[in-house]
Amino acid sequence: MNQLGLPGGRADKAGNLYEDWWTALRVADLLTGKASAIRLEPPGRAGEGIEFEVDEPDGPWCEQAKDVPGPPPE
């Protein structure tokens, strides 16, 4: 049995708030010089499965802000 987040309502609002705060923290990294660029949901294949890509001194870093993984591929 797969454990998935609850659909809509309270769970949806909490998930959106989590994503908003996480994105704000990464934008703060950009403003303080810890990152040089951020791309929100990059288009095409480069952005599949990620919320944003951040350019850090050690190279690009991709992040997915979802707190519950989806079902595994079959």
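Modeller: Helices (H or I, at least four residues) and strands (E, at least two) are DSSP runs, numbered from the N terminus. The protein chain has one helix and three strands. Their order from the N terminus is α-β-β-β.

This is a predicted model, in which local features need pLDDT of at least 70, side-chain atom pairs count only at pLDDT 80 or more, and totals for chains, interfaces and linings use all residues. Residues are numbered from 1 along each chain as its sequence is written, and side-chain values use heavy atoms, with hydrogens and water left out.

Now the patch. Y18, W22 and L25 form it on the surface. Together they have about 300 Å² of accessible area (Shrake-Rupley method, 1.4 Å probe; for residues, only the protein chains shown count as cover). Patch residues have over 30% relative accessible area and no salt bridge; like charges are joined within 9 Å, nonpolar side chains (Val, Leu, Ile, Met, Phe, Trp, Tyr) within 5 Å. A salt bridge is a side-chain nitrogen of Lys or Arg within 4 Å of a carboxyl oxygen of Asp or Glu.

Y18 lies in helix α1, residues 9-31. Y18 counts as partly exposed because its relative accessibility is 40%. Buried means under 20%, exposed over 50%, partly exposed in between (1.4 Å probe, protein chains only). Of the chain's 74 residues, 19% count as buried.

How confident is the predictor? pLDDT gives its confidence in each residue, from 0 to 100. The chain averages 77. Confidence is lowest in α1, at a mean of 82, and highest in strand β2 (residues 52-56), at 89.

Note on methods. pLDDT = per-residue confidence, 0-100.
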